[in-house]
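User: I would like to learn how to read a few features of a structure. Can you take me through them one at a time?

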Amino acid sequence: MTLPSRIEQSAAGHGLGGPDRPVTFVDGDAYDTTSWSELHVDARSMAAAMQARGVRVGHHVAILGPTSRALVTAIQATWMCGGCVVMLPLPLRMGSLEGFISQTRERMAAADVTMLLLDGQFSDFISREDGDPTFVTFDEVAPIDRSQRVPAEQFVAREIDADSLAVLQFTSGSTSEPKGVMLTHRQICANVDGAVIAAEVVAEDVVISWLPLYHDMGLI
């Protein structure tokens with residue numbers, strides 16, 4: 001009943017569709033297709049790089065970036081390390097950058113974030129200041145040149161409690177100040193199981209989502 005155990009089982013073929021079941025990330029007219037097993041190898045590699053940078057079980061890791069293969073890998077890698085994922089929303093308009101940066105810092109402080117993992121394209125918009133957590137780009141823990149990545153075999157699996165935090169999800173703040181909602185591994189696994197049963201999901205199904213992963217329904 002932990003997300004890393006579910007990911008491990010899926011990558012090993014113990015689940016719907018097997019380890020070679022494809023997953024495709026769409027960006028405009030571009031498509032990036034991989035398999036769940038390949039994505040898992042990437043996540044183990046990124047997790048090893050994050051462990052080398054000090055991420056430990058129980059640490060809160062904020063993640064900022066558009067929905068992409070790198071973002072999904074970062075989410076999985078955080079769970080593999082035993083960390084809690086704190087998804088940060090993207091700016092709705094480039095003209096509201098000051099408010100976005102201020103809100104991002106407030107959420108990181110409220111969530112007691114240890115590390116901010118971010119897409120490199122946001123490095124020009126938000127730079128680290130005193131009091132901020134460590135800033136690390138996706139490329140730093142998962143270089144595009146795969147020969148420069150930390151080998152997945154260097155990842156060290158840690159024991160994770162099913163009742164430990166997996167996600168700290170902030171409310172939208174449309175009616176009051178955003179509040180952090182705490183979700184454990186056990187709760188998310190039970191929710192996913194319930195959705196699979198209710199929707200009668202089978203291996204032949206093809207699912208498409210347009211929801212951003214900082215949206216709670218998009219993430220879960």
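**Reading the features**

Analyst: A search of the whole structure, which is a predicted model, finds zero disulfides.

User: Are C81 and C84 buried or exposed?

Analyst: C81 has a relative accessible area of 1%, so it is buried. C84 is buried too, with 2%. The cut-off for buried is under 20%.

User: How do I read the packing of two helices, and at what angle do α2 and α3 cross?

Analyst: Two packed helices are described by the angle between their axes and the distance between the axes. In this model the axes of α2 and α3 (residues 69-80) come within 8 Å and cross at roughly 60°. The two helices are therefore oblique to each other. The crossing of α2 past α3 is right-handed.

User: Which residues of α2 and α3 meet?

Analyst: On the α2 side they include W36, L39, H40 and M50, and on the α3 side R69, V72, Q76 and M80 are among them. By type, the residues of this contact divide into eleven nonpolar, four polar and three charged.

User: Where is S37 placed, and which residues does S37 touch beyond those up to four places away in sequence?

Analyst: S37 lies in helix α2, which covers residues 36-52. Leaving out residues up to four places away in sequence, S37 touches A11, P19 and D20. Its relative accessibility is 18%, so S37 counts as buried.

User: Now the backbone. What is the phi of D112, and where is D112 found?

Analyst: Phi of D112 is near 55°, a positive value in a residue other than glycine. D112 is found in the loop between α4 (97-110) and β5 (113-118). With a relative accessible area of 59%, D112 is exposed.

User: Where is E200 found, and what is its phi?

Analyst: E200 is in the loop between α6 (185-199) and α7 (216-219). Its phi is near 55°, again a positive value in a residue other than glycine.

User: Is E200 buried or exposed?

Analyst: E200 counts as exposed, at 65% relative accessibility. The cut-off for exposed is over 50%.

Technical notes:
Residues are numbered from 1 along each chain as its sequence is written. This is a predicted model: local features need pLDDT of at least 70, side-chain atom pairs count only at pLDDT 80 or more; totals for chains, interfaces and linings use all residues. Side-chain values use heavy atoms; hydrogens and water are left out. Buried means under 20% relative accessible area, exposed over 50%, partly exposed in between (1.4 Å probe, protein chains only). Contact means heavy atoms within 4.5 Å. A disulfide is a pair of cysteine sulfur atoms within 2.5 Å. Axes are lines fitted to C-alpha atoms, for helices over the stretch in contact, and angles run from 0 to 180 degrees between N-to-C directions. Angles under 35 degrees count as roughly parallel, over 145 as roughly antiparallel, 65 to 115 as roughly perpendicular and the rest as oblique. A crossing is left-handed if the near helix is turned anticlockwise from the far one by less than a right angle, and right-handed if clockwise. Ala, Val, Leu, Ile, Met, Phe, Trp, Tyr, Cys and Pro count as nonpolar, Asp, Glu, Lys and Arg as charged, and the others, Gly among them, as polar.
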